[in-house]
Amino acid sequence: MARELYNELASKLKDISRLGAIAWLLWWDEETFMPPGAADARGLQKEVLAGVIHEKKTSADLGLLIEKLATTDVAELDDFEKANVRDARREYLKLVRVPAELEKRKARLESEAYQAWTKAREKSDFTIFSPYLKEWVSISREIARYIDPDQPAYDVLMDKYERGMTSARLDELFAELAKELKPLRDLIVAAYEPHLSVCEGFIKPPLDQSAQVALCNQVARDLGFDTACGRLDVSVHPFSVGIHRTDVRMTTSYSETNLINEALGGTIHETGHSLYEQACNPDHTDLPVSLPLSMGIHESQSLLWERHVALSEPFFEHYLPLLTEKFPLSFAANPTPRQLCLAANAVRNSFIRIVADEVTYPFHIMLRLEIEKDLISGELQVDDVPRVWNEKFEHYFGLVPPNDANGCLQDVHWAHGSFGYFPTYVLGALAAAQLFAAANTAIPDLAQHISRGEFAPLREWLRTNVHRYGSLLPSADELMAAASGEKLTARHYFSYIRSKYSALLGIPL
């Protein structure tokens, strides 16, 4: 009985997944190659498709099938199949509990709020955006109440991005992080100051774009990106999207002045995401369990490759000859791998999150987390956001943003109503450090492999210990315990930061 019901459910879920893949393909095309004159037509196409998908996801037939399985002995199903049933029920209940009228309000607001945010940021005037943020806060509270009135609203919203995470657990991790990181950050920033001007001279602009394109494509392939099942293109803001595990699209951007952190770093970051998408639980394709577990775990895969591999001295030992060959004029100063590593990892306090280094970055997230939690709880009013932002920024960085554009208006997340997304960036950084430490234990000569351009041992370790699980396990803590032997902790992040910057700067940390 359970097997027949499961097969019927799996068939319906696969149809929904395939329709979703078409929606992602339309979105990717819109961000890359779609002619601008097609914008209105594309909007109508997406609207119709979204309606079809929502109807299938919330159909009474699907709900009845899910509930039958929930009350049936499913012992004959394996763990991955049981997880498919669990996740299908979880998603279905979330969707049907929110009234259709509220979903329509949300869809309308997303478009209006984005336009208002764009204008507000351009004029550096928060008052243009504040009415829309007020509506987002109100709608988000409503949605949280409909989904689960017994849980804190912020926890319900965060669960969309980081399943199984709670405010209490988040506070535990962030308290551990904040206590030790601030004095460590201050030491590293001070030690870096005399090096900054010297670092700028290691790579001379301009950097040839055709050489950047060739380099980035080669490095992506070296790391294991399968170009038979994916492609690399160009967009203003780099991104990756898994349309299917055999069709993963990623983009990067190129810079005349910043090869390592922008062009190459951005490509490697997106390659980390794409490697996860290409290998995520291949035995259950088009079913919920084949999806990545959470945004935090997804981010851990990109940050592991970007920071722990590509910003390491062994990586530069391997690629410096290629960099010198492709950019002979830019590398005329003949920097050493250590000097390149020093320059690429420069640490300084800055106003903008997306250009922040790995040491100061968590403070940008702590600030946003505190503000959005207080907005959702009602402890902070929207009109007070600019003032509170500046106060918190001064507390964390000793600087006051010069205007709203460089302060509370710099991120698009609140214009999309994405409350609960920001913490996943730091959770990803902690998980990346923990996974890389576990990989180093399992592969004792990992640094030597990287220095020789041998990335397969690390990639296969990740496939075995992270990718193959998909969303089998219910939380990042459980996945981290399975992969590394302990739930998520900041301990490995601190070990990594202390070891790396002590060696680079020649100071005890």
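I looked up the lining of the largest cavity and found Arg-368, Trp-389, Gly-407, Cys-408, Gln-410, Asp-411, His-413, Trp-414 and Phe-422. A cavity here is a set of points, on a 1 Å grid over the protein atoms alone, where a 1.4 Å probe fits but cannot get out; lining residues have an atom within 4 Å of a point.

This is a predicted model, so I note that local features need pLDDT of at least 70 and side-chain atom pairs 80 or more, while totals for chains, interfaces and linings use all residues. Residues are numbered from 1 along each chain as its sequence is written, and side-chain values use heavy atoms, without hydrogens and water.

I sorted the lining of the largest cavity by class: four nonpolar, three polar and two charged residues. Ala, Val, Leu, Ile, Met, Phe, Trp, Tyr, Cys and Pro count as nonpolar, Asp, Glu, Lys and Arg as charged, and the others, Gly among them, as polar.

Next I turned to the second largest cavity. Arg-163, Gly-164, Met-165, Ser-475, Ala-476 and Asp-477 line it. Its lining has two nonpolar, two polar and two charged residues.

Then I checked a helix pair (helices are DSSP runs of H or I, at least four residues, numbered from the N terminus). Helix 11 (residues 259-279) and helix 12 (residues 295-309) have axes that come within 7 Å and cross at roughly 135°. Axes are lines fitted to C-alpha atoms over the stretch in contact, and angles run from 0 to 180 degrees between N-to-C directions. I noted six nonpolar, seven polar and three charged residues in the contact (heavy atoms within 4.5 Å) of helix 11 with helix 12.

Technical notes. 1 Å grid on protein atoms, 1.4 Å probe; cavity = no way out; pocket = protein on both sides within 12 Å on 5 of 7 lines; lining within 4 Å. Helix = DSSP H or I, 4+ residues; strand = E, 2+ residues; numbered from the N terminus.
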